[in-house]
Structure formats: structure tokens, C-alpha cells
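Have the sequence and the 3D view open while you read.

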Amino acid sequence: MVRFIESAISGVAVASTLALLALGFVLIYRATGVINFAQGDLATLGAYLGIWTTGSLGLPVGLAYLAVLPLMFVFGLLFERLAHAPLRNQSTHVVVLATLGIGMAIRAALQIWRGPNELNLKPLVSANAVHIGHVAIAYQDIFSFVVAAVCIGAVAFVLAKTSLGRQVRATTDDRIAARLYGVRVNRLAPLIFGVGSVLAGVAGLLIAETTAVQLNLGFDLLLNSIAAAIIGGFGRLSGLVLGALVVGMAEQLLGAYVLPNYGEIWPFVAMILVVAVRPNGLLGGIKGARL
Amino acid sequence: VRGFSTRRPSAETPAALPVIYRGWQFASGLGFALILWLLGYVFTGPDNFTILQTWMIYTMLALSFYVVFSVAGLFAFSLAGFFGIGAYLSPYMYDRMTYVLALLVVIAIGSAIAFLLVVLVRRASDLYLGIATLGFAEILTVVYPNWPAVTGVSGNLYGIKPISFFGSAVVNPRPTYWLTAAGVVALYFLIVAIQRSTLGRNATAMRTSPEVAAVNGIDARRVRIVLFVVGSAFAAFAGSLFAHTQSYVSPESADVTVSITVFIIVIIGGARYIWGAPLGALLVVVLPLKITSWANYANLGFAILLVVVIIFAPAGLAGIPGYVRRRVRRA
């Protein structure tokens, strides 16, 4: 029973970081129609920037983590100018390729900067655990959960209640109509890429708290996080949370009991089955979107 | 907004040109065969042949992807999976029967799995299909290290038997080269033939004007399923050739990176044209092998080159002549 509960809790922790990574991905996809395959590498970049600000710059850990966020935002702006703005009239596949290229460039640049070896990020939260009965819950897991919940809540609030959110949703529904109604669609894109990068950076920092940082850190997680988004459906943020939970549980819980050697396949099996039964995800896709 | 203005030729649908009455496909195939034939005589030394071998195997994969992506219009990342199925199953089968029979069995198994997969995800649209098929390839990369009876220790399969015809094994670099070259050229012309067949014309119709095709009784879903299975079978064939010519297979030789590389090859080469496949493979696979002396900067240089090419030639390298021609005509 203890093992079951601990597996479930680590499932929730995995789900938190996946949801955070997927959040930026879905946000960019909804506002601009771009499948951003560099999202994972942006997370890696966030983790490496964190190592830089905590290590070489020697800032206090909390401040160092915060300092990563504006850097990620600026990088997101540059990313949009470079790989999205010049390709506005091109088919989705071409833009996908551009994001793949940017992702490769990030990885290569990080390798030149920091070398191919594994590094460690100075953690913000202690590695201890709180014990409730026989069950141990790591502080870092709780921290991941809280940060993810706050970020998702904030994005959900902005999307639902503010003018900016209405503009993004209008753009998702119908780009041309939104433009005719005065939404500056092309101004929205850099902002969204910036915010998406910041979210990726946060996810990268959270992941780096508990694992060693290496060049493929984010890229390896990207597929799981997209799987989460697809299982839930791109239509709603609640779908994202649901999908992330399904993936996290499938990996940690199913992986602990059924065919342990094959633990990593369960998220993908779940995804293929969901796509087979409900092609737009469990909670539905974007109305009228061209996918 | 898409479709408002296109200053540059875009890689929009129709992905592949209607081939009827267009001679470039055959001509380019002949040209490709001729180049391969010359290269086989010009080059010496095992290193050069290794590079050529890599180029041809990736060209075969890119041609398989061309069938699925450009002809059928399906955005699928599962080809590395079928490549892996071919690469791992072919040595296992070849231990038990003659090569031709083993190849047929491998292709049959690959096709059957492809059929099941595409039927499962047939209702998914672009992005969902792409990621679901990527997930399928990812599942297989977890299976390889865990099935010692077929895939060797931790998925490393050493000392794979070379193919032998009439009792003589194909082992030396040059004969191996000829064998692979024959395979890739055969695949090239097979795909040209498919595009000129009823199936290929139906696919063109279905892709370019779905309503008209439907009215004329073309079952779009059936066309897509058949072409997906055919393309996957080609990838399994490439995997088989790869295994027996390299004599070594590891999980990395068929992981998700391979699917992504093949996608890059086809887009960079030019998804509308079949000859974009060998051209793209030359840039994407052979160039990085050639610039390894730049050490750390090779990866970065290559990634930047990729982004630059895609920004300035979104229709791929194969699209440049058409772009120049249109520019000249307009001037």
C-alpha cells in the first residue's frame, strides 16, 4: 500500500512538470498554430541558465531562479523573430522544421558553452521528505506541484478573464476574423513565444531540481508532455491537466506493477488508444482549428 | 495569415506534383542511377563507402517517407519504427531461411503492423497523427533492449550475416555498395511507377481536390491506408538492407532521431519532388559526416544552416530551380 501511494505521488510530481512543459507548447500552438518542437530544448536552456546564475554569477538561489525567467522571455522573443515571423505564409510542416532546427541549435550551443557532461543545479528546495505515517513525500515534489498549479492557474485566469486572453482565444478560433476585429495577431505571436519560453524555463528548473542536467534533458521529456496534451485534447487547459495525470500515472503506477522493464511505453500506449477512440483527445480539441 | 501572399514558393499542398506527362521523375531516376554507378567506380577506401552507404540508406528512408508524406499526405513519424522492425527481424529470419524468403516475411510482418497502426489512428488529423506515430516508434525503442531472443543483449545485435547470393556472401565494400545501390534505385523507380499507377493518380486527386475525388468514387481513406502500408514496407526493406550491410544494429540506429532526421531530409530536399530525397539526404546526413573536423562547432553550424535554408528556400532545395525559373519568366 505504501508503495502504491508513493508511486501515485511521484506520478503527480511527474505530471506537474509535464503539464508545465505542455502548457507552453499548447499556448504557442493555440495562438500561432505552430507545433514547437524546440519546447523541450527551451526547458534544457532554462536549466543551464539556472546553473549559470546560481554558479558562475553566484546569485542567491531564489534570486538566481527568478533571474532565469526574463532571460527566457527575451530568448522567446528572439526565437519568434527568427523562426516564426519569416515563415508566416508557409505550411505548418516548414515551421515545424524551423523549430526543430532551433532546438538543435540550442543543444549544440549549450554543448559548446558547457560541454557534454552532466551538471547539477543547486536546488532551491531541500532534498528531504515529509513523513506522513509510513509514506514519504519529498519537499521537491510538493514544490513542483505548487509551482505548476500556480502557473496553470495564472494562464487559465489570463485566458479566461483578461482582454489579452480574449484576443488569444479569438485568434485560436479564427485568425482572419480576429485580425478583422482589430486583434494585432502578429504582435501577439512574440509575446506568446516569450511566455511559452518562460514556462519551459520554469519546467526546466523544476526538473533540474531532482535530476542531473544534460543536453537531452528537455528533448527526452518533450514527447511525454505532447502525449499529455494529446490525451487531454488541445481544447481546454483542464484537458492538459487530465492528460498529464494520465501520463504521470501510466508511467509511475502502471510502470511499477505491470511489465516494469517497459514502464516508459505506457504513456504512448495510452496516447495511441486515446487517439484511436477519440481522435481529438478526451476533452475535445480546438473548435474549427486547422490541425 | 496563410494564403494572403506568397512571395516565395511554399511547401503547401499539393505536396507532390501530378506526375502524368511530367518526365522529370524518370529522368531524375536515371540521373540518380548514373551518379551512383559513377560513384561506385570513382570512390575507393572503406571510409568513403561507409559515407555512401549511409547516404543511400537514408535516401531509401526518405523515399519511404515521401510515399507516406508527399504522396499520401500523411504526417507520420513512424518510419524509424518500421526501419527498426526490418533491421532486427531480418537477421533473425535469415538464420532460418533464404534471404529472399526472409525479406518477404519481414516485409509482410512490417506491413501487417503498419496496417494495424494506421487503422487504429486513421481518424486522427495532422498533429495528432504525427505524435501518435512518433509514440509508436518510441514504444519500439523500449522493446529493442528488452527482447534478447531476437534483438540481442541490450538491443545490440553483432555479427549479422551478410547476404549471400548463390553461395557467395556480399561482404567487401564495393559489392555491398552495388547491392545497396541496386536496392535504392529499384525503390526509386518503384515509387515513380506507383505515382503513375491508378493508386498514385487517386492519391493526387484526393490530396489536391478531396471533394472532386470523393464525387468520382475515390475512397480517400483506403488510398491513405494502402500508401501508408506501402511506405512502411519500404522502410522495413531499408532496415533489412541496413542490417545485413552494416552487420551491426543498436537501438540508436532506429530511434526517434531517425524519424526526425528523415522528416528534415524530405522537407529540406523538397517534399514536392521525389528527387528531393537523395538531395536532402546529401545535405542532412553526408554534410555533417564531412564537417566532423569542426568538432564542437559542426552541430551548431549545421543547425544554423538548416534554419537558413528553410527560411530562404521553404520549398526545399529541389524547389530552387522552379523558383529561379518563375523569377526569370516574370522579369
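## Ground rules

This is a predicted model, so local features need pLDDT of at least 70 and side-chain atom pairs count only at pLDDT 80 or more, while totals for chains, interfaces and linings use all residues. Residues are numbered from 1 along each chain as its sequence is written, chains are lettered from A and ligands numbered from 1 in the order in which they are written, and side-chain values use heavy atoms, with hydrogens and water left out.

## Where the chains meet

Let's start with the interface. On the chain B side, 47 residues are in contact with 50 residues of chain A (contact means heavy atoms within 4.5 Å). The two chains bury about 4,700 Å² between them, and 74% of that is on carbon and sulfur atoms. Buried area here is the accessible area (1.4 Å probe) that two parts lose on being put together, summed over both.

What about charge pairing and polar contacts? Between chain B and chain A the count is zero salt bridges (a salt bridge is a side-chain nitrogen of Lys or Arg within 4 Å of a carboxyl oxygen of Asp or Glu). The rule finds one residue pair in polar contact across this interface, with both residues at pLDDT 80 or more. A polar contact is a pair of N or O atoms within 3.5 Å; within protein, one must be able to donate a hydrogen and the other to accept it, and residues adjacent in sequence count only if both atoms are side-chain atoms. In chain B, the elements giving two or more residues to the side that touches chain A are α5 (126-143), α11 (256-269) and α13 (296-312). The largest share, twelve residues, comes from α5(B). By type, the residues on this side of chain B divide into 33 nonpolar, eight polar and six charged.

Helices (H or I, at least four residues) and strands (E, at least two) are DSSP runs, numbered from the N terminus. Expected helix span is 1.5 Å times one less than the number of residues. For α5 of chain A (residues 139-161), the 23 residues should span 33 Å, and the end C-alpha atoms are 32 Å apart, which agrees. For α8(A), the 26 residues should span 38 Å, and its end C-alpha atoms are 38 Å apart, again in agreement.

How much of α8(A) is buried? It's mostly covered, with 21 of its 26 residues buried (buried means under 20% relative accessible area, exposed over 50%, partly exposed in between, with a 1.4 Å probe and protein chains only). As for α5(A), its buried residues include Gln140(A), Ser144(A), Val147(A), Ala148(A) and Cys151(A). Among the elements covering the buried residues of α5(A) are α1 (2-32), β2 (135-138) and α8 (185-210) of chain A.

## Salt bridges

Over all chains, the count comes to three salt bridges. In one of them, the side chains of Asp41(A) and Arg107(A) meet at 2.9 Å, N to O. That pair links distant parts of the chain, 66 residues apart: Asp41(A) is in helix α2 (residues 39-54) and Arg107(A) in helix α4 (residues 92-114) of chain A. Both Asp41(A) and Arg107(A) are buried.

Glu80(A) has two partners to look at. Its side chain meets that of Arg81(A) in a salt bridge at 3.0 Å, N to O, and Glu80(A) also forms one with Arg88(A), the closest N and O atoms being 3.5 Å apart. Shared partners join Glu80(A), Arg81(A) and Arg88(A) into one network. Glu80(A) is buried, at 0% relative accessible area, whereas Arg81(A) is partly exposed at 47% and Arg88(A) is partly exposed at 22%.

Thr141(B) sits in helix α5 of chain B and counts as buried because its relative accessibility is 14%. A polar atom of its side chain lies 2.6 Å from the backbone oxygen of Glu138(B).

Now for two serines with positive phi. Ser154(B) has phi near 50° and is found in the loop between α6 (148-151) and β1 (164-165) of chain B. Ser247(B) has a phi of about 65° and lies in the loop between α10 (220-246) and α11 of chain B.

Notes. Nonpolar A, V, L, I, M, F, W, Y, C, P; charged D, E, K, R; others polar.
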